[in-house]
Amino acid sequence: MKIGVLALQGAFAEHVAILRAIGVEAVEVRLPAQLADVDGLILPGGESTTMRRLIDRWDLRQPILDLAARGAPLFGTCAGMIVLAREIDGGEEPVLPLLDVTVERNAFGRQLDSFEADLAVPLLGDTPVHAVFIRAPIILRAGPEVDVLARLEDDRIVAVRERNVVATSFHPELAGETRFHRLVALMAAEHADPGEGIGRRPHPTRRQRREG
Ligand code: GLN
């Protein structure tokens with residue numbers, strides 16, 4: 001099982017480091033051919049306008065859409081989340097419209113360029129996630145198929161999942177937070193080998209165990 005990190009621009013090295021630290025094979029992706037044998041893809045933070053330009057220049061749009069259509073997990077952080085959004089407030093064309101959300105870029109304005117917060121993310125357990133926000137986007141609207149994973153204290157949505165696509169407004173990789181990457185690795189393992197996946201095979205009932 002191998003996870004790619006889109007390495008065109010931005011904070012990709014930190015994602016590669018986190019994946020390797022949790023024992024997952026990670027590969028930097030710059031060319032369409034490198035997507036052929038990955039079981040998941042991380043889209044890092046950076047600058048979404050630049051990322052959009054580079055995705056098009058290197059013909060990565062369709063191969064990434066194909067990877068998602070095969071069911072491989074995609075995880076976008078910050079600019080990566082903007083790239084995955086179906087709608088960008090203000091009317092910019094979407095890049096990879098895989099996530100049924102509307103995002104607002106640079107939603108915290110100049111006064112609050114960057115900040116950190118501890119967020120409850122029940123899916124990842126009781127310990128809060130230490131989240132680093134840098135010129136971060138916010139999710140203004142999440143569609144009916146989208147699970148909200150985390151909100152700020154004022155209720156604004158900052159982490160979501162829709163089937164095989166996960167996205168956060170913030171950078172978990174800059175705070176040494178590994179649980180989002182572990183989640184994506186589990187999803188990738190499931191995609192790579194559905195037969196062995198967690199939750200796929202029901203636990204035997206007591207009677208089956210007794211008889212079996
Ligand atoms: N403000 C950036 C954008 O709109 C995102 C910032 C980030 O990824 N840290 O693309």
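This report describes the cores, the ligand site and some individual residues of a predicted model.

Residues are numbered from 1 along each chain as its sequence is written, and side-chain values use heavy atoms, with hydrogens and water left out. Because the model is predicted, local features need pLDDT of at least 70 and side-chain atom pairs count only at pLDDT 80 or more, whereas totals for chains, interfaces and linings use all residues.

**Nonpolar cores**

A nonpolar core is taken here as a set of buried Ala, Val, Leu, Ile, Met, Phe, Trp, Tyr and Cys residues joined through side-chain atoms within 4.5 Å; buried means under 20% relative accessible area, exposed over 50%, and partly exposed in between, with a 1.4 Å probe and protein chains only. The largest nonpolar core has 37 residues, of which Leu119, Phe133, Phe170 and Phe180 touch the most other members. At least two residues of this core come from each of β1 (2-6), α1 (12-21), β7 (114-119), β8 (129-134), β10 (147-151), β11 (157-162) and α5 (179-192), where helices (H or I, at least four residues) and strands (E, at least two) are DSSP runs numbered from the N terminus. The most is given by α5, with six residues. A second, separate core of 34 residues includes Leu54, Ala79, Ile82 and Leu99. In soluble globular proteins, nonpolar side chains tend to be buried together.

Contact means heavy atoms within 4.5 Å. Leaving aside neighbours within four places in sequence, leucine 119 is in contact with residues including Pro128, Phe133, Leu152, Val158 and Phe170.

**The ligand site**

The ligand is surrounded by Gly45, Gly46, Glu47, Ser48, Cys78, Ala79, Ile82, Arg105, Asn106, Ile134, Arg135 and His171, a residue being counted if one of its heavy atoms lies within 4 Å. This shell divides into four nonpolar, five polar and three charged residues; Ala, Val, Leu, Ile, Met, Phe, Trp, Tyr, Cys and Pro count as nonpolar, Asp, Glu, Lys and Arg as charged, and the others, Gly among them, as polar.

| Residue | Ligand atom | Distance |
|---|---|---|
| Glycine 46 | oxygen | 2.8 Å |
| Isoleucine 134 | nitrogen | 3.0 Å |
| Arginine 135 | nitrogen | 2.9 Å |

Taken alone the ligand exposes 300 Å², and the protein buries 96% of that, the areas coming from the Shrake-Rupley method with a 1.4 Å probe.

Glutamate 47, a member of this shell, is found in the loop between β3 (41-43) and α2 (48-57) and counts as partly exposed because its relative accessibility is 31%. Beyond four places in sequence, glutamate 47 is in contact with Gln9, Ala79 and Arg105. Cysteine 78, also in the shell, lies in the loop between β4 (74-77) and α4 (79-84), is buried at 4% relative accessible area, and has a positive phi near 55°.

**Other residues**

Arginine 163, in the loop between β11 and β12 (165-168), likewise has a positive phi, near 45°, but counts as exposed at 59% relative accessibility. Isoleucine 88 is found in strand β5 (residues 85-88) and is buried, with a relative accessible area of 3%; its C-alpha atom is 5.1 Å from that of valine 103, 15 residues apart along the chain. Lysine 2, in strand β1, is buried at 18%, and its side chain makes a polar contact of 2.9 Å with the side chain of aspartate 37; within protein, such a pair needs one atom able to donate a hydrogen and the other to accept it, and residues adjacent in sequence count only if both atoms are side-chain atoms.

Key. Polar contact = N/O pair within 3.5 Å; in protein donor to acceptor, adjacent residues only side chain to side chain.
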